[in-house]
Each structure stands twice: as structure tokens, then as C-alpha cells.
Amino acid sequence: CDSLTLLISISLPLIAYSYRYQQEYKNFLLGDAVVVGTYSTYQASVNLFVILAAIELIKSYSDNESNKLTLLRLASRTGQFVIASLLYLLVVVPKYFSGNHTEDHPGLASESITKLIVDNFISYYTFINNSFMKGN
């Protein structure tokens, strides 16, 4: 059920790094939109944007691009991330996230780690057995 939103959230950061406008302000706005969209579909995928920024920085360095260009690109990606994060937190979340949803969010387990591992193992085994072995 989450596969479409996960696919979209992974695809969005790739757009910011694969499509380039001639005007730099359009690239900046695209990066902002991509990060807000990624946060809005699956927050953990925003890490892909950061990872791609690191790869872009390394590639820029390995291609012997000027330090000025490399630093400008890094500043642009950092700005995109910060501004988009603030937009998401200050505009999107207050407008579209309401109610008490804490029971749906992951938290720290209060049980013993051994019991948790055993329970998870049994759940995975049951799922695999029922799904692939047809309960045999």
C-alpha cells in the first residue's frame, strides 16, 4: 500500500539531479519543490537528496571543477534543503497534519530486546511460511 508513495519519494530527488534549467533560480526552485514533495510522500527518503548532494560534491571535486563552482553548488543544495525543510515544517505540516497520530508512529520498544527479537522472528517466519510455503 505504501509502494507508490515510496517510489515517488525516491524518484523525486533524482529529478533535481538529472534535470537542469539554464536559469539557476529555476534549478533552486526545482530542488525546493523536490525536497518538499519528498518530505510529503515519505520523509525518510529525503536522505537520498542529501546523499546525492554528497555524490555531486565528490564528482565535482574529481572532475577538477573550480572550488568556486563546487562551493556554489554545495551552498545551493544546502539552501534548497534548509528552505524546503522550513517550508514543510512551517506550512505543509500545520496545514495538512492534524490530530493525534502518535499511536501510528514508531517509537522505542519498552519490552526486553530478546523478547522483541523472538517475536519479530516468529512474525517473519509465519509471514514467509504462509506466503511462500502455503502453510506447510
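The model is predicted, so local features are taken only at pLDDT of at least 70 and side-chain atom pairs only at pLDDT 80 or more, while totals for chains, interfaces and linings use all residues. Residue numbers start from 1 along each chain as its sequence is written, and side-chain values rest on heavy atoms, with hydrogens and water left out.

The chain has five helices and zero strands, giving the pattern α-α-α-α-α along the sequence. Helices here are DSSP runs of H or I with at least four residues, strands are runs of E with at least two, and both are numbered from the N terminus. Of the chain's 136 residues, 24% count as buried, where buried means under 20% relative accessible area, exposed means over 50% and partly exposed covers what is in between (1.4 Å probe, protein chains only). As for contacts (heavy atoms within 4.5 Å), 64% of those between residues at least 6 apart in sequence join residues at least 24 apart.

Next comes the packing of two helices. Helix 1 (residues 3-18) packs on helix 3 (residues 46-62) at an angle of about 30°, and their axes are 9 Å apart. That makes the two helices roughly parallel, since angles under 35 degrees get that label, those over 145 are roughly antiparallel, 65 to 115 is roughly perpendicular and the rest are oblique. The axes are lines fitted to C-alpha atoms over the stretch in contact, with angles running from 0 to 180 degrees between N-to-C directions. On the helix 1 side, Ile10, Pro13, Leu14, Ala16 and Tyr17 meet Leu48, Phe49, Leu52, Ala53 and Glu56 of helix 3. By class, this contact has nine nonpolar, no polar and one charged residues; Ala, Val, Leu, Ile, Met, Phe, Trp, Tyr, Cys and Pro count as nonpolar, Asp, Glu, Lys and Arg as charged, and the others, Gly among them, as polar.

Then there are the rings. A search of the whole structure turns up four aromatic pairs. Rings of Phe, Tyr and Trp (its six-membered ring) pair if their centres lie within 6.5 Å, with planes under 30 degrees apart called stacked, over 60 edge-to-face and the rest tilted. One of the pairs, Tyr19 with Tyr21, is edge-to-face, at 5.0 Å centre to centre and 85° between the planes. Tyr19 is partly exposed at 45% relative accessible area, and Tyr21 is partly exposed at 34%. Tyr39 and Phe81 make a tilted pair, 6.4 Å centre to centre with 40° between the planes. This pair links distant parts of the chain, with Tyr39 in helix 2 (residues 24-41) and Phe81 in helix 4 (residues 67-96), 42 residues apart. Tyr39 counts as buried at 15% relative accessibility, whereas Phe81 is partly exposed at 26%. Ring pairs also join Tyr39, Phe81 and Tyr88 into a cluster.

Asn27 is found in helix 2 and counts as buried, at 4% relative accessibility. Leaving aside residues up to four places away in sequence, Asn27 touches Tyr19, Arg20, Tyr21 and Gln80. Asn64 lies in the loop between helix 3 and helix 4 and counts as exposed, at 68% relative accessibility. The phi of Asn64 is near 55°, a positive value in a residue other than glycine.
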